[in-house]
Amino acid sequence: MEEESFNTRYSLWIKEALDELPHNFTITDPFLSNHPIVFASLGFLKMTGYTLEEVIGRNGRAFQGPKTNRRSVLEIREAIRQERSIQLSLLNYSKSGSAFWILFHMVPVFGKDDGKVINFVAVQVPINGQEMIHRNVVDIGSCRREVFMHQERDLSVECDVQGLEDWEHCEASESEKLKAVEGINNVLSILTRYSELSGRLVCGKRCCLRGADCLSSSLVISLGRIKQSFVLTNPCLPDMPIVYASDAFLTLTGYKRQEVLGQNCRFLSGVDTDSSVLYEMKECILKGQSCTVQILNYSNRKDKSSFWNLLHISPVRNASGKTAYFVGVQVEASCRNTESQELRPETRQLSVVGAVRVAGSSSRPSSSSVESDEQGSVSRLEDWEHCEASESEKLKAVEGINNVLSILTRYSELSGRLVCGKRCCLRGADCLSSSLVISLGRIKQSFVLTNPCLPDMPIVYASDAFLTLTGYKRQEVLGQNCRFLSGVDTDSSVLYEMKECILKGQSCTVQILNYSNRKDKSSFWNLLHISPVRNASGKTAYFVGVQVEASCRNTESQELRPETRQLSVVGAVRVAVRSSFMVTY
Amino acid sequence: MLKIKRVPTVVSNYQKDESADESVGCGRNCLGACCINGARLPLYACKKLDKSAAGEKPVEPPLAFLESLVLGEWEDRFQRGLFRYDVTACETKVIPGKYGFVAQLNEGRHLKKRPTEFRVDKVLQSFDANKFNFTKVGQEELLFQFEAGEDGEVQFFPCMPLDAENSPSVVAINVSPIEYGHVLLIPRVLDCLPQRIDHKSLLLALHMAVEAANPYFRLGYNSLGAFATINHLHFQAYYLAMPFPLEKAPSRKMTTTVKGVKISELMNYPVRSLLFQGGYSMQNLSDTVSDACVFLQNNNIPFNILISDCGRQIFLMPQCYAEKQALGEVSPEVLETQVNPAVWEISGHMVLKRKEDYEGASEENAWRLLAEASLSEERFKEVNALIFEVIGCSNQEELEGTIVQKQNPSGSVTRRATEAMEVRSRTGLPLSALSFSEQPWLGLAWWC
């Protein structure tokens, strides 16, 4: 499992490349159960005294011990939960049980295409014990310094332990901090290089935006129709990054799309940009107002020229009335066209704002422009009430789709960036955060989460036990509606009952015949419990379905009743989901 | 006599009719003598913790058994509709700022109740059988019996008769939950102990924190005068899967007791608090805190306790809000929010009753409210000095081998205990347990 996690994202020989780095570091995968280490550097193994086999698959907490500061552990846990980087001093334990201070520097690694956390890299720089040893030496007396230095290796461990209690904290030196940062940068650069080769890029900063902020394809289509230079930025994300940049913007500034997405707009400013104008813009954004300024911007065009940008900024609200984006429309001031036949640049600028508003609000409830195109074609057909295709024509259409999909899939496989005909990972508000996945991973029973807000209520999370029970692979079930578990003998009245409960937002327990994909393709009686799960704002975010194979019902007295265990999964999911929506940035 | 008016929290569905309705065989399946015969409830006996193997293998942290039991039984009561509202439908957010106070809008918690007068100038009050107490709750509100086991293994009996003779400790739901999984741990429920810390009960609560094995499941305690509403010994607990601001506050070490319990004071936190951690055994930690609490309650100082980080850390917060309130010294804006700074609020989880308070919640407001509860710097120092003296004294006694008070196995110490006895009855460890083995007594850190 750990092997696989690493190999799918990065190309061959990455481990060898990482092994050449001199740093002590580990790489973990939050999407595997228990957030295990999937790579440990040789330096790390040497420092801790463990073998590679002993480390892979274990959680980073294995290296902490009784004297590790509880607050530091809490801070690391919190950084993981919030998917951000952290640097702190930490007391770790080697295999032999001796404790040593390290400077722990951890950063998340993001997938470039979807902004999801892929890995956490943790570089650990041992904090030089000299200072601490020195204290002891002073106590012992300077005459023993030589002896002491001589035995430094053996003694330092003991000293560590003795001295520990007094040390609430051990501060790393500046050079150690630099070393940690250097380590992180080196590891990141290797990860990036080798992910480039595999085609599934990762990067150290979140590029595309998670959660509610991946723009839906329908919104992107609508925005694509606006042929002027503009960007959308998201004020709800830290540092208000660009989430959309039009082609004209890229032409104007000379940057590539991946260079600007995820960045704050300030990269356009330069030495001669008037800071009072920047301040004015900031004020307007804070107040949620629109403004127009003239500002000196710097391009990335061949001549690296700067240009006067007549910039208009406006907030854009979504369907629920909240400010979802700011739109910034650029007009190169030198290009101001005075021909009477043209719209004034200011008007054109405002027309962009209007177009974005329309796209933004319409794309929320459902999709937009694609549908309206279809409507157009329907209206042209008005005379024809309906024209039914024959079965063979329908089959032909399906065959065509399948052939095209299969070629797309095959060739995407070769490039490493797989596509598929069904929605696998889930877009928009539905990528589960890595912290939620970590919490869910603790629940060792068979269950799935489905999202009632997506079309056909697909599975968005499936536990390992579910995969074992049903015999399917994770990628086969994610994005699917649960009905693939049903078969010819499944009682349709039970399915109906479940559907009714889901529609009413109620929970229910049913006994249902399910069909597995295990080797024997056996069917089994599933004691299924379904419950709605709310997020922190009280809205139903998921349904959880907990499966207990009816034949396995355990009557041993020392065990919890299967019904209780089933409900405990529901409870644990509720706790995890509720808090995962409370993350602050 | 100092009194404040406040709306009591309804923790049981049988609390509404406070007028004594004590007909025999009352028909509501309560815990009274009328109904208890033949009653059965799962029994969870936790493993003896001081001997738990620590640090050998990093144990995977799947849902621990106790956690499954709490969550499963709680969810069952939830689906049976025993709660007054659906707490997961209550909006919750993190207040922007450095500390990350958590605010919840809970409009349903305090409806339909008239304010009642509470005496706040006496931390120890005797048990009053006529007032609401946990022997009056319905059996369906009980989740399971909980006991500190003698064995190295967890023992579980799915259907154990409630033994009235032995006065079981039980875990019950709070029908007005402030978060998912909100339960009450009621030590020896049938003994009708008043709300007062004793060594054995605090140890039981610590056991529960350790066995639940989830850093997001904490236990809390409010003394009388520090916003306990029911004078029947109980602890509270619930799940909130994020750190409390109190837990994040930096601390400064003040002293370490001979038993290795490290005592620190919190820095940069609105409520001046003590943090206890370490100790050579769990009992060391528990006893030290109990000593401090017994001192506080005997000296009529209201306080709150938070047991956090799977039982590794215990926070002790002496407070004076209710007293100030009764004397009219709390600022009106703070009073108006009707937020009572009990253990959860002091820890940083604010339950707000009014929409406008929720929408306008700011770190500054939260800070101002909590600061009102804190002892003054001077008073805090004074209290600390006294606490240290008490703890120091007890340590001294033990070192000289003069501890005589052994814990009665049936746990009847506190039942008999007079106030004077309570001071003496520190359940110190037998001297043999004082070996300074560096044996850590808990598993490894829980790293997400």
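This is a predicted model: local features need pLDDT of at least 70, side-chain atom pairs count only at pLDDT 80 or more; totals for chains, interfaces and linings use all residues.
**Helix pair in chain B**

Residues are numbered from 1 along each chain as its sequence is written, and chains are lettered from A and ligands numbered from 1 in the order in which they are written.

I noted the geometry next. Helix H2 (residues 199-212) and helix H4 (residues 282-298) of chain B pack at about 130°, with axes 9 Å apart. Axes are lines fitted to C-alpha atoms, for helices over the stretch in contact, and angles run from 0 to 180 degrees between N-to-C directions. Helices (H or I, at least four residues) and strands (E, at least two) are DSSP runs, numbered from the N terminus.

I listed the touching residues (contact: C-beta atoms, placed from the backbone, within 7 Å). H2(B) gives His199(B), Leu202(B), Leu203(B), Leu206(B) and Val210(B). Among those from H4(B) are Met282(B) and Val289(B). The contact divides into 6 nonpolar, 4 polar and 1 charged. Here Ala, Val, Leu, Ile, Met, Phe, Trp, Tyr, Cys and Pro count as nonpolar, Asp, Glu, Lys and Arg as charged, and the others, Gly among them, as polar.

**Sheet in chain A**

I traced an open sheet of 5 strands, in the order E8-E7-E11-E10-E9, with antiparallel pairing. Two strands pair if DSSP finds at least two bridges between them. E8 (242-245) and E9 (291-298) of chain A stand at the edges with a single partner each, so one side of each has no neighbour in the sheet. The twist averages 30° from one strand to the next.

I followed E9(A) to E10 (residues 306-317) of chain A: 8 bridges join them. Thr292(A) has His312(A) as its bridge partner in E10(A). Helix H13 (residues 275-287) of chain A lies across E9, E10 and E11 (323-332), at about 135° to E9(A).

**Where the chains meet**

I looked up the interface: 48 residues of chain A are in contact with 47 of chain B. H21(A) gives the largest share of chain A's side, 12 residues. That side divides into 16 nonpolar, 18 polar and 14 charged residues.

**Confidence**

I checked the scores last. The model has ipTM 0.74 and pTM 0.67. Over residues 393-448 of chain B the pLDDT is below 50.

Terms used: Two residues are in contact if their C-beta atoms, placed from the backbone, lie within 7 Å. pLDDT is the predictor's confidence in each residue, from 0 to 100.
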